[in-house]
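I opened my notebook to look up how charged side chains pair up and where the nonpolar ones gather. The entries follow the order in which I looked.

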Amino acid sequence: MFRLRYRSPGQETLLLPLPQSLPGQKVGDLFLSRQPEEVYEAQGNLLARFSLSEGEVLEVRFPLKTEPLKHLPPWGKTLLFEPPEAWPGILAHKGHKVERAFGFLLSGQPHAWYLVDGLPLDPLLYQTLQENPTHLLPLGVAPEPHLYLGGHEGKRLLLLRTPWPGGEEPLWQQLLPLGFQPLPFLRGVAFASLGVSALGLATGPWFYLPYLGALILQQGPAFKRLFLRSPRHALESLLFHAFALSVTVNPRPELGLGYLVLFLWNRLKPSAATSPGSLEEA
């Protein structure tokens, strides 16, 4: 279950897009914190009108199941030789229908991409994953930049599609998971133990190991693929956790120094996450 949240800055009447089932996402029944004045469909969007007073909070709760989309449209290969920021204009010039797509990654981060003849195109994540293959690792997603030329990773919610160029973003401010999320809690405990250990009171690894176990459960398969595609980025993460564990027992400065060197190297020398290969590998 997830919830979308909006807090009104002042008295206003506004339209908000409601979640709906689309390719790559299946949305169950919606539970609104208040009844909308009107609900209607327009240009493939499900829109609701609300009149809100200052400071009023509006929420919609809903079950959500997402899955990756993997398409290999013929226009995908033609974009590889062009700068990503030019892709929408190139495809529109060739007669394709280009739209803007707005929503959230399931991490809660607002995100915007494109739809080309209804298929996803995400130049931002394509370029970001080329430079930083670990960008989506917190979502358990391996770096596959070519996936974003017609598909996506299956960890997002599409809320609104608008004509391109132009179009406004949806006004929902937050996407939050419902229920207890163990990973943030375990991370807080783990880093608190690091702080205590750094003050000279060794806590042992027992407060850090549960966090490490939760990370392995959530990111393990993606981390394995990251290691195969970009070993130095995977090694950076391994060195960090090795040094963190050593702090709780017997600090090993050489591990921390190795992590710091690799951290700086990975940021000063971005690396393509995919081997020079075919689009079909995505």
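Predicted model: local features only at pLDDT ≥ 70, side-chain atom pairs only at ≥ 80, totals over all residues.

**Entry 1**

Residues are numbered from 1 along each chain as its sequence is written, and side-chain values use heavy atoms, with hydrogens and water left out.

Which side chain does Glu59 meet in a salt bridge? I found Arg3, at 2.8 Å from N to O, where a salt bridge is a side-chain nitrogen of Lys or Arg within 4 Å of a carboxyl oxygen of Asp or Glu. This pair links distant parts of the chain, with Arg3 in strand E1 (residues 2-7) and Glu59 in strand E7 (residues 57-62), 56 residues apart; helices (H or I, at least four residues) and strands (E, at least two) are DSSP runs, numbered from the N terminus. Arg3 itself is partly exposed, with a relative accessible area of 22%. I also noted that Arg3, Arg5, Glu59 and Arg61 are linked in a network of salt bridges.

**Entry 2: further bridges**

By the same cut-off rule I have eleven salt bridges in the count. One of them joins Arg161 and Glu99, whose closest N and O atoms are 2.7 Å apart. Because Arg161 lies in strand E12 (residues 156-163) and Glu99 in strand E9 (residues 98-105), the pair ties together parts that are 62 residues apart in sequence. Glu99 counts as buried, at 8% relative accessibility.

I then turned to Arg225 and Glu144, whose side chains meet in a salt bridge of 2.8 Å, N to O. Arg225 is partly exposed at 37%, whereas Glu144 is buried at 8%.

**Entry 3: the nonpolar residues**

How many residues does the largest nonpolar core have? I wrote down 39, and those with the most contacts inside this core include Leu4, Phe62, Trp172 and Leu175; such a core is a set of buried Ala, Val, Leu, Ile, Met, Phe, Trp, Tyr and Cys residues joined through side-chain atoms within 4.5 Å. Its largest share, four residues, comes from strand E6 (residues 45-52). Apart from this core lies another, of ten residues, among them Tyr208 and Val247.

Note on methods:
Buried < 20%, exposed > 50% of the residue type's maximum accessible area, 1.4 Å probe, protein only.
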